[in-house]
Amino acid sequence: MVIGERVLVALGGNAMTAPDGSASPQAQTRAVAAAMEPVADLVAAGAEVVLTHGSGPQVGNLLIKNELAAQVVPPVPLDWCDAQVQATVGVLIMNALDRALADRGASRPVTALVTRTLVDPGDPAFAAPTKPIGRYFSPEEAERCAILGSHWRSYGERGLRRVVASPDPLDILEAPAVTALLDAGHVVVAAGGGGVPVVPVDGAPRGVEAVVDKDLGAALLARLVGASVLVIATEVDRVQAGYGTPQARSLGRTTVGELRALAAAGHFPEGSMGPKVEAAVRFVTSGGRRAAITSLDGIAAAAAGTAGTIVEAENVTVGTQE
């Protein structure tokens with residue numbers, strides 16, 4: 001049951017682009033419209049819904065514009081790009097969800113909120129940027145861009161990608177506003193792309209060159225707004241242990257203990273499923289009733305605990321689904 005429950009849905013970047021990764025305005029509009037169909041089902045079922053979303057392709061596009069136009073207009077900092085993408089994708093979601101809800105006769109106000117995420121200026125991530133963003137560049141292109149102060153990592157024959165710091169989220173500054181909107185009956189879009197990362201400087205927030213992991217930001221926001229369920233939507237129906245090996249198995253209903261053991265054994269790579277599993281674990285250990293990881297089509301069922309990889313407290317029986 002989801003009637004009356006507060007559910008946070010974290011949409012992966014795949015929900016914002018075409019299947020081939022295209023991030024043209026037309027492709028993004030179509031992709032967001034498709035992603036809002038299962039979200040509308042959840043809202044129509046009576047859930048109080050807050051949405052977050054990925055922003056990798058969109059921020060990557062803005063960075064390319066920065067680099068190509070650097071000799072014509074001043075490049076803008078990464079936190080500005082984060083904010084621009086929140087607003088752009090937020091409007092796409094509002095428009096698409098309005099239409100999907102109207103089709104179901106379940107009209108609800110939908111509001112997007114540009115959101116800041118507090119991080120620690122002393123976070124070790126700032127000393128060792130590792131989060132890849134944007135497209136692959138040739139060595140010559142990367143060298144020209146590095147003059148602007150960016151960091152780059154080689155990915156072999158594919159080329160180089162810019163890497164930035166990805167500090168741990170500590171607080172969502174607009175969480176009280178999100179809560180007030182939810183209490184007033186709104187569906188709220190917030191903390192897109194993990195939120196705009198800020199640090200305290202002279203008693204006020206200041207943006208920093210970083211990207212907050214979207215799933216970790218979602219887990220934090222879910223706790224702050226009192227959500228009982230966290231649903232992380234991705235490309236697959238369920239998390240797999242031993243992915244890509246003959247021993248691969250799908251995880252159905254599981255526990256924090258099992259996931260931590262599998263993570264320690266290296267089953268969830270940092271660049272793919274790792275942050276999603278960590279986000280689910282954090283949410284449940286901080287008091288959340290249920291976290292689920294599933295595909296877009298499974299959002300409503302996962303919120304009800306009947307689809308996807310379901311993470312619950314330690315007293316729940318562990319099982320697998322083939």
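Colleague: Is Asp183 buried or exposed?
Modeller: The relative accessible area of Asp183 is 57%. This is a predicted model, and the value is computed from it. A residue counts as exposed when that area is over 50%. So the word for Asp183 is exposed.

Colleague: Which residue forms a salt bridge with Asp183?
Modeller: Look at the closest N and O atoms of the pair. They are 2.8 Å apart, and the limit for a salt bridge is 4 Å. The partner of Asp183 is Arg6.

Colleague: How many residues apart in sequence are the parts that Asp183 and Arg6 tie together?
Modeller: Find each residue in its element. Asp183 lies in helix H5, residues 175-183, and Arg6 lies in strand E1. The pair therefore ties together parts that stand apart in sequence by 177 residues.

Colleague: Is Arg6 buried or exposed?
Modeller: The relative accessible area of Arg6 is 12%. The cut-off for buried is under 20%. So Arg6 is buried.

Colleague: How does Glu48 count by relative accessibility?
Modeller: Glu48 has 26% relative accessibility. Buried needs under 20%, and exposed needs over 50%. The value falls in between, so Glu48 counts as partly exposed.

Colleague: Where does Arg104 lie, and which residue is its salt-bridge partner?
Modeller: The closest N and O atoms of this pair are 2.7 Å apart. Arg104 sits in the loop between helix H3 (78-103) and strand E3 (110-113). Its partner is in helix H1, residues 25-44, and the two are 63 residues apart. That partner is Asp41.

Colleague: How do Arg104 and Asp41 count by relative accessible area?
Modeller: Arg104 has a relative accessible area of 28%. For Asp41 the value is 39%.

Colleague: How many salt bridges does a search of the whole structure find?
Modeller: The pairs above are among them, including Arg104 with Asp41. The search of the whole structure gives a count of 15.

Colleague: Which element gives the largest share of the largest nonpolar core?
Modeller: This core has 45 residues, and those with the most contacts inside it are Leu11, Met36 and Leu51. The elements that give two or more residues include E1, H1, E2, H2, strand E12 (229-234) and helix H9 (299-303). The largest share is ten residues, and it comes from H3.

Colleague: How much space lies in the largest cavity?
Modeller: The search of the whole structure finds one cavity of 30 Å³ or more. Helix H2 (56-68) and strand E5 (131-137) each supply at least two residues of the lining of the largest cavity. By class, that lining has five nonpolar, two polar and three charged residues. The space is about 50 Å³.

Colleague: Which residue does the side chain of Arg162 join through a polar contact?
Modeller: Arg162 is among the residues that line the largest cavity. Its place is in strand E7, residues 160-164, and at 14% relative accessibility Arg162 counts as buried. A polar contact of 3.0 Å joins its side chain to that of Glu209.

Colleague: Ala191 and Asp202 each have a positive phi; which one is exposed?
Modeller: Each has a phi of about 55° although neither is a glycine. Ala191 lies in the loop between strands E9 and E10 and is buried at 1%. The other residue lies in the loop between E10 and strand E11, and its relative accessible area is 81%. The exposed one is Asp202.

Technical notes
Residues are numbered from 1 along each chain as its sequence is written. This is a predicted model: local features need pLDDT of at least 70, side-chain atom pairs count only at pLDDT 80 or more; totals for chains, interfaces and linings use all residues. Side-chain values use heavy atoms; hydrogens and water are left out. Helices (H or I, at least four residues) and strands (E, at least two) are DSSP runs, numbered from the N terminus. Buried means under 20% relative accessible area, exposed over 50%, partly exposed in between (1.4 Å probe, protein chains only). On a 1 Å grid over the protein atoms alone, a cavity is a set of points where a 1.4 Å probe fits but cannot get out, and a pocket is an open set with protein on both sides within 12 Å along at least five of seven lines; lining residues have an atom within 4 Å of a point. Grid points are joined across faces, edges and corners, and a volume is the space filled by probe spheres set on the points. Ala, Val, Leu, Ile, Met, Phe, Trp, Tyr, Cys and Pro count as nonpolar, Asp, Glu, Lys and Arg as charged, and the others, Gly among them, as polar. A salt bridge is a side-chain nitrogen of Lys or Arg within 4 Å of a carboxyl oxygen of Asp or Glu. A nonpolar core is a set of buried Ala, Val, Leu, Ile, Met, Phe, Trp, Tyr and Cys residues joined through side-chain atoms within 4.5 Å. A polar contact is a pair of N or O atoms within 3.5 Å; within protein, one must be able to donate a hydrogen and the other to accept it, and residues adjacent in sequence count only if both atoms are side-chain atoms.
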